[in-house]
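Colleague: I am new to reading models like this one. Please take me through a single part closely, and tie its surroundings in as you go.

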Amino acid sequence: MDMFGSLAPLAALLVLVILIIAYSIRILREYERGVIFTLGRFTGVKGPGLILLVPYVQQMVRVDLRTRVLDVPSQDVISHDNVSVRVSAVIYFRVIDAEKSTIQVEDFMMATSQLAQTTLRSVLGKHDLDEMLAERDRLNDDIQKILDSQTDAWGIKVATVEIKHVDINESMIRAIARQAEAERERRAKVINAEGEQQAAAKLLEAAEILSKQPQAMQLRYLSTLNVLAGEKNSTVIFPFPMELGRLFGLKADKPPGQT
């Protein structure tokens, strides 16, 4: 009985030591870092692997260094040309400085989300609707650079910003469709006019070549008759000598009384 009484304090001490060791041990994964505070003061960043803490004297805050995906809710934006649209985006970022992300900002996820929303409205509000639809890559880069510069003080690196949707109301969609249709009609008319211009230039060039040799014009005339005769039609063609036409033209130009 005395033996068990003498072993009881030792057993209690052993259990206390085991509890202290169990409470002191921390294991951090490869993508985690531990921000250590000793009596409330920052004393370093540790990890990954096995970490030993002094119970009740040191505390540790886990920080995940993996890339995070932040879905920015749809924002009502008025473009530079006064068009109301709803824009949503997605942001990829990660913590590169565990100390800053823990000490400099209370909740870096919430802070980054709010900053992304305001930056999205601010940047897109400076551009026209056509730029939002056609130049997304440039807008993505502009938003990413602004966010990255502002979140650098929080130890956060914004890697990518992607605009997902640009929602437009139905009336504006119809207006854009009419604009696109008018633009295509304009292009068609321009192309047709350019074709007519090129055809006229080629016809003028051909006329100049044929005018140098009257026999060439006669051959062209006969070739045209051959083409017309080969088609299945009921048209009757009577060749008319061009020299005779010139003779009649000369006589018509002479004043009365002259032969």
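Modeller: Here is a close look at one helix, then at its partners, the surface and some loops.

This is a predicted model, in which local features need pLDDT of at least 70, side-chain atom pairs count only at pLDDT 80 or more, and totals for chains, interfaces and linings use all residues. Residues are numbered from 1 along each chain as its sequence is written, and side-chain values use heavy atoms, with hydrogens and water left out.

Start with helix α3, residues 108-124. Helices (H or I, at least four residues) and strands (E, at least two) are DSSP runs, numbered from the N terminus. How far should the 17 residues of α3 span? The expected span of a helix is 1.5 Å times one less than its number of residues. For α3 that gives 24 Å, and the end C-alpha atoms are 24 Å apart, so the two agree.

Look at the N-terminal end of α3. Asp-107 caps it. A side-chain oxygen of Asp-107 lies 3.2 Å from the backbone nitrogen of Met-109.

Now ask which residues of α3 are buried. Buried means under 20% relative accessible area, exposed over 50%, and partly exposed in between (1.4 Å probe, protein chains only). The buried residues of α3 include Phe-108, Ala-111, Thr-112, Leu-115, Ala-116, Thr-119, Leu-120, Val-123 and Leu-124. Ser-113 and Gln-117 are also among them. An α-helix has 3.6 residues a turn, so residues three or four places apart point the same way.

What do these buried residues pack against? Their partners are β6 (68-78), β7, α2 (98-103), α4 (129-134), α5 and β8 (156-168). Contact here means heavy atoms within 4.5 Å.

Take two of those partners in turn. Helix α5 covers residues 136-151 and holds Asn-140. Asn-140 counts as buried because its relative accessibility is 5%. Leaving out residues up to four places away in sequence, Asn-140 touches Val-161, Glu-162 and Ile-163. A polar contact of 3.3 Å joins the side chains of Asn-140 and Glu-162. Such a contact is a pair of N or O atoms within 3.5 Å; within protein, one must be able to donate a hydrogen and the other to accept it, and residues adjacent in sequence count only if both atoms are side-chain atoms.

Strand β7 spans residues 84-95 and includes Ser-88. Ser-88 is buried, because its relative accessible area is 7%. Setting aside neighbours within four places in sequence, Ser-88 is in contact with Val-72, Pro-73, Ser-74, Ile-163, Lys-164 and His-165. Ile-163 also touches Asn-140.

Next, the loops. Pro-48 sits in the loop between β3 (41-46) and β4. The peptide bond from Gly-47 to Pro-48 is cis, with omega near 0°. Tyr-56 lies in the loop between β4 and β5 (58-64). Its phi is near 65°, a positive value in a residue other than glycine. Tyr-56 is exposed, because its relative accessible area is 73%. Asn-82 has its place in the loop between β6 and β7. Phi of Asn-82 is near 60°, again positive in a residue other than glycine. Asn-82 counts as exposed because its relative accessibility is 68%.

Last, a residue in strand β1: Ile-27. Ile-27 is exposed, because its relative accessible area is 59%.
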